[in-house]
Amino acid sequence: MEEKKEALLIEELLEKLTLEEKVGMIHGAGLFRTEGVERLGIPPLFMSDGPMGVRAEFADNEWRSVGTTDDFVSYMPCNSAIASTWNPEMAALAGEVLGAEARGRGKDVILAPGINIKRSPLCGRNFEYMSEDPRLIEELVVPMIKGIQKNDVAACVKHFAANSQETERLWVDTIVDERTLEEIYFPGFKAAVEKGGVFSIMGAYNLLNGEHCCTSKSLLNKVLREDWNFDGTVISDWGGVHDTKLAAESALDIEMDVTYNFDKHNMAQPLIEKIKAGEISEACVDEKVRNILRMMLRLHMIGEKKEHRSAGAYNTEMHRRNLLNAARESVILLKNEQELLPLDEKKVKKIAVIGQNAAAIHSNGGGSAEIKALYEISPLMGIKKLLGGNAKVYYAPGYVIPGKENKSEINWQADSTKHLEEEKNQATEPQTQNAAKKEQDYKEEAIRLAKECDTVIFVGGLNHDYDLEGQDRADMKLPYGQDELLEALLEVNPNMITVIYAGSPVKMPWVNKAKAIVWSYYAGMEGGTAIAEVLFGRVNPSGKLAETMIQESSQCPAHFIGSYAKKDKVEYKEGVMVGYRYYDTQNTPVNFCFGHGLSYTQFAYSKLDVKREENGCKATFYLKNSGEREGSEVVQLYVKPKDSAQGRPMHELKAFTKVFLKPGEEKKIEIMLDSRDFTYYDMKGHEFVVEPCEYEIQIGASSRDIRLSESILIG
Ligand code: BGC
């Protein structure tokens, strides 16, 4: 009934709209908005980046933020961090915060979440994405979308599809076979549409099998609209449309661009001209306008429920609390020999914190994911505010970040007082020091501190000069001579705690020497608080890796079976062998495997029982906290076909659940699998089929730490 009424309203509006008005609705009329039709009560559609919070307010027709002070917002943990929680409830909470903040800032569409597959550790935008595994993405993206859209704001899941490199991103042709698309690159998007009910989706810049994604008939008309029944709005990536006729005839609805000749966009004046010349049918435009109006109805921007539209809110206390909880759950304890961690906050007296990422601010970088954070607690501040005044915390940067040093070492007040000219000259002296000497000085200072202090924490990693939109990293090496520094520090203090704060895996030549390693992705405004709480045991870590930490990028099959970061064409010849699907199948030596993450307590797995059910099977087992602290474990279920004839990966993640247990507590866990969990995609029949064979049901704490297993026959 409701639907019928809405469809009627859409048709009524369509009839009243002129061609020019309709065209105004389907292309950017400002950098982040379309045109409304005031006389009919149709508002413009306001959009904003992005995945880590609502981006600063931009001028309508210039790439310049307006520079006001009312657009500081809550800074979210990046999607890689959210994925490391392996907790759908956290994804939902993060979504709720993002949606409420977007609505609070008056937006209709938030250009997030990004869910491209992490095909290579070198992709510059990996930090914006969740995982190398489609099932994990699927389980997290659905609650995240629902959380966003609860606030009458559309999520815009991006970038559809197979957009896993930044090099030549506008023109690279990505060659992927059907099976690989269906098994690896599509499931996240399909779930976003079918289970998440996402209102909008963003086309990717790249070409897929010869067609630009934003105007691809096979991708948009066939897969998205026909196969998945998507009736929401398809928005192009900014500048991703290159042809008027293709744009009109494809299932794209809104063309956005980075230029400000709005009338010259493909779907603006050129489209009107082609329609008037009879080259393109006006019906194409009507279909797009229908999709947009349908989304507006869903967002309560028009129609009867307009008065009840959610107002949203930004910078609330609750948002900060939720983001802190998400950050806490995202921190991953990679290694903890001799139980060096947690540190005892009562015992540490003189503590050295070394490394630029201890003090760095990351929220303002990364590309379109940059935001103006209301605040950002650095790890150093997190540590200091946790310890209070009874411990002495000494900070040393340890290494030099070229171009970012000493830009303004002189305080403006000193600068403004002429009689301090002499001191001023002295203060500027470091600026002229030669770079090598400075590096040496920093290193020496750090080593001296490491020797003098009872506790040493290194916080290094990457920053948004490396984890950055528009460029891929050349290799996985830590920049700024950090490896050498780490080796030297570990030499003088073998008990040093190593914290890596980054958006994608790095080489760790010192991995065997470092006894305790903590990993954090860019974890939002409270990231530093969360890290400190983990280091000092106020929080028991429960994050797990949503991607494999290989030793070096040459191990990645995208690089030597397929191709990566090529300019004209990249071939995904590794097929479905992405991430652990390849590494575990080949038993590749890795630093830390998929799903890995330690706790300060221990978990015992027992009594697995797998029963065949009509449509799959039911796995039951027990999980016990056998240690002394309360904590959460992410139990993972992998399905391993035992004698596949279909070139399938050794095993695949099919389910997981995060379980909280008090010391000594035991819980019975039940996981249902259905026939889908045993399928592969058959390219001849163009469908998923169950391969009849024996399957091992594996229950583990990571992809390489399988604790229980049992075989069953399926098919
Ligand atoms: C990015 C998108 C972003 C858009 C708008 C593009 O360059 O690829 O992810 O949403 O710009 O800023």
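The following legends describe close-up views of a predicted model.

View A. Oxygen atoms of the ligand lie 2.7 Å from an N or O atom in the side chain of Arg125 and 2.6 Å from an N or O atom in the side chain of Asp237. The ligand taken alone would expose 310 Å², and the protein buries 96% of that area. A polar side-chain atom of Arg55 is also placed 3.5 Å from an oxygen atom of the ligand.

View B. Arg55 belongs to the loop that runs between strand 3 (47-48) and helix 3 (79-84). This residue counts as buried because its relative accessibility is 9%, which is under the 20% cut-off. The side chain of Arg55 makes a polar contact of 3.2 Å with the side chain of Glu370. When neighbours within four places in sequence are left aside, the residues in contact with Arg55 include Phe32, Ser48, Asp49, Trp63 and Arg105, together with Gly367, Ser368 and Ile371.

**View C. A nonpolar patch on the surface.** Trp63, Val258 and Tyr260 form this patch, and together they have about 260 Å² of accessible area. Tyr260 sits in the loop between helix 9 (244-249) and helix 10 (269-276), and this residue is partly exposed, with a relative accessible area of 39%.

View D. Most peptide bonds are trans. The bond from Lys158 to His159, however, is cis, with omega near -5°, and His159 lies in strand 5 (residues 154-160). A cis peptide bond also joins Phe160 and Ala161, where omega is about 10°. Ala161 lies in the loop between strand 5 and strand 6 (173-175).

View E. Most residues other than glycine have a negative phi. Asp152 is not a glycine, yet its phi is positive, at about 60°; this residue is placed in the loop between helix 5 (134-149) and strand 5, and counts as buried at 8% relative accessibility. Tyr480, which is not a glycine either, has a positive phi of about 65° and is found in the loop between strand 14 (455-461) and helix 18 (482-492).

View F. The structure holds 57 salt bridges, and one of them joins the side chains of Asp71 and Lys372, with an N to O distance of 2.5 Å. This pair links distant parts of the chain, since Asp71 is in the loop between strand 3 and helix 3, whereas Lys372 is in the loop between helix 13 (356-359) and helix 14 (379-387), 301 residues apart. Asp71 is buried, with a relative accessible area of 1%.

**View G. The salt bridge of Lys222 and Asp227.** The side chains of Lys222 and Asp227 meet in a salt bridge with an N to O distance of 2.8 Å. Lys222 is partly exposed, at a relative accessible area of 37%, and Asp227 likewise counts as partly exposed, at 36% relative accessibility.

View H. Lys335 is found in strand 11 (residues 332-336) and counts as buried, at 12% relative accessibility. A polar atom of the Lys335 side chain lies 2.7 Å from the backbone oxygen of Val511. Beyond neighbours within four places in sequence, Lys335 is in contact with several residues, among them Asn512, Ala514, Lys515, Phe592 and Leu598. The side chain of Lys335 also meets that of Glu337 in a salt bridge (3.6 Å, N to O), and Glu337 is partly exposed, with a relative accessible area of 35%. In a further group, Arg125, Glu128, Glu166, Arg169 and Glu469 are joined into one network by salt bridges that share partners.

**View I. Glu696 in strand 27.** Glu696 is placed in strand 27 (residues 693-702) and counts as buried, at 13% relative accessibility. The side chain of Glu696 makes a polar contact of 3.1 Å with the side chain of Gln698. Leaving aside neighbours within four places in sequence, the contacts of Glu696 include Tyr638, Val639, Lys640 and Lys642, as well as Ser709, Glu710 and Ser711. The C-alpha atoms of Glu696 and Leu713 are separated by 8.8 Å, and these residues are 17 residues apart along the chain.

Notes: Residues numbered from 1 in each chain as written. Predicted model: local features only at pLDDT ≥ 70, side-chain atom pairs only at ≥ 80, totals over all residues. Heavy atoms only, no water. Patch = residues over 30% accessible without salt bridge, like charges linked within 9 Å, V, L, I, M, F, W, Y side chains within 5 Å. Areas by Shrake-Rupley, 256 points an atom, 1.4 Å probe, with all protein chains shown as cover. Salt bridge = Lys/Arg side-chain N within 4 Å of Asp/Glu carboxyl O. Helix = DSSP H or I, 4+ residues; strand = E, 2+ residues; numbered from the N terminus. Buried < 20%, exposed > 50% of the residue type's maximum accessible area, 1.4 Å probe, protein only. Polar contact = N/O pair within 3.5 Å; in protein donor to acceptor, adjacent residues only side chain to side chain. Contact = heavy atoms within 4.5 Å.
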